[in-house]
Amino acid sequence: KADLEAWMRRSGDGFFPVSFAEAAGDDIPVLYLLLAEGGAPESYRLDVARGKITVTAPDAAGLFYGLQSLGQLAERCGRRIPAVVIEDAPRFGYRGFMLDVSRHFRDKEFVERQLDLMARYKLNRFHWHLTDGAGWRIEIKKYPALTDIAAWRPYPDWEGWNFGGKRYCHRDDPAAAGGYYTQDDIREVVEYARALHIEVIPEIEMPGHSEEVLAVYPELSCSGKPYTDSDFCIGNEQTFEFLESVLSEVIGLFPSEYIHIGGDECPKQSWTSCPACQQRIRNERLEHENELQSYFVHRIEKWLNARGRNLIGWDEILEGGISKTATIMSWRGADGGVAAAKAGNQVIMTPNTHCYLDYFQTQEPERLEPLGIGGYVPVRKVYSFDPYDRLSSAEQSCIQGVQGNIWTEYIASFAHAQHMALPRLAALAEVGWACDRRDFGDFTRRM
């Protein structure tokens with residue numbers, strides 16, 4: 001109740017199309033919010049009649065989403081909202097949006113505006129990509145060099161860093177660009193999201209995409225030298241001591257069911273010539289480096305499970321074998337998700353063919369769009385996505401939901417980020433919510 005009241009009080013800040021007020025006359029209908037048993041999680045019923053509007057739901061999230069629909073009616077119709085009855089429930093329990101803040105750091109106010117946008121479209125999982133080779137963005141008190149050095153680059157943007165030597169610098173360097181979130185910032189964002197019925201899922205990249213960590217803690221790499229490796233040394237017990245210490249602070253900040261460990265695009269090349277990694281392969285009776293990564297993922301998963309959390313990773317963690325309890329986020333097309341679902345694993349579908357919102361939206365990007373990473377994912381293609389394609393009825397139960405991703409290599413401004421997100425994020429929100437009721441012509445008219 002307190003969360004809904006607080007949200008309704010701030011609904012007149014210009015972002016939401018209507019404001020709520022105490023009734024002052026007969027011309028203002030009375031709004032009732034009722035919790036009632038029965039119905040699917042996050043479902044709601046909206047009844048609009050003369051003088052009375054009622055939202056009924058089995059939980060607070062349902063009431064919240066009923067209010068979002070009421071606001072959408074008001075945005076379309078103004079003060080004369082039609083008398084309607086809407087009974088609605090989401091298709092998937094996981095409806096996500098991922099924001100990469102490693103390539104280009106975004107302050108907490110920017111993140112909170114994205115959470116507002118998500119709430120408006122009934123999205124409920126915010127995947128926060130906090131670490132990668134381009135920069136470490138979360139305060140870890142045990143390892144201050146991560147935010148004193150690994151969060152800062154002597155380049156104005158990602159391109160300068162990526163093509164200019166991939167170096168880092170101290171935060172006090174006059175050329176330093178970057179930033180990070182303090183633990184208090186993280187707590188504020190997590191609470192802000194919770195009040196909007198959004199769960200925040202942190203991603204801490206491992207064992208690859210870790211150049212920034214190994215530049216400041218080179219003893220965790222296979223070579224022992226900074227600016228040499230991008231993968232943690234899996235044969236080194238210090239690696240696990242470091243990662244478990246980091247994750248201990250992370251799970252103290254994020255109450256989410258999932259902790260995302262990345263696991264993508266790991267070259268594994270350094271492991272082939274590393275005596276410690278090769279000894280680990282022999283000791284664990286592994287066949288090759290793919291199984292070494294699998295050993296790593298299993299070990300981190302057991303550590304998380306022992307603390308009441310579940311592991312999620314990109315589809316590369318399928319290579320070498322995974323446990324039945326790991327969740328796969330399929331990005332290299334849908335094949336990884338299909339394979340995982342057929343094996344009985346839980347899956348979040350986020351294929352780059354339909355869900356990568358950093359890809360171009362037009363076939364003439366050089367004339368019509370800002371500089372980007374490439375690819376072509378128009379809004380029609382996003383809207384056409386079928387997360388159940390190639391799956392039997394039984395296998396479809398493994399699909400937990402969908403997610404749109406924005407990687408920010410070339411996205412350095414608020415305006416550019418919003419250009420990439422909308423209207424495609426709205427289209428994906430309907431994929432996650434609307435089941436078989438989708439109609440692209442109707443969607444474009446509404447947008």
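The second largest cavity comes out at about 40 Å³, in a predicted model where local features need pLDDT of at least 70, side-chain atom pairs count only at pLDDT 80 or more, and totals for chains, interfaces and linings use all residues. Residues are numbered from 1 along each chain as its sequence is written, and side-chain values use heavy atoms, with hydrogens and water left out. A cavity here is a set of points, on a 1 Å grid over the protein atoms alone, where a 1.4 Å probe fits but cannot get out; points are joined across faces, edges and corners, and the volume is the space filled by probe spheres set on them. The structure holds two cavities of 30 Å³ or more.

Helix α2 (60-77), strand β4, α18 (424-433) and α19 (440-446) supply at least two lining residues each, with the largest share, five, coming from α2. Helices (H or I, at least four residues) and strands (E, at least two) are DSSP runs numbered from the N terminus.

Strand β4 also belongs to an open, mixed sheet of four strands, ordered β1-β3-β2-β4. Its edges are β1 (30-35) and β4 (85-88), each pairing on one side only; pairing takes at least two DSSP bridges. From one strand to the next, the twist averages 10 degrees, using lines fitted to C-alpha atoms and angles from 0 to 180 degrees between N-to-C directions. Strand β2 (44-49) runs antiparallel to β4 over four bridges, with Asp47 opposite Val85.

In helix α1 (2-9), Leu4, Trp7 and Met8 are buried (under 20% relative accessible area, with a 1.4 Å probe and protein chains only). The buried residues line one face of α1, because they fall within an arc of 100 degrees seen down the axis, taken from the directions from the helix axis to the C-beta atoms. On the other side of α1, Ala2 and Arg9 are exposed, that is, over 50%.

Technical notes
On a 1 Å grid over the protein atoms alone, a cavity is a set of points where a 1.4 Å probe fits but cannot get out, and a pocket is an open set with protein on both sides within 12 Å along at least five of seven lines; lining residues have an atom within 4 Å of a point.
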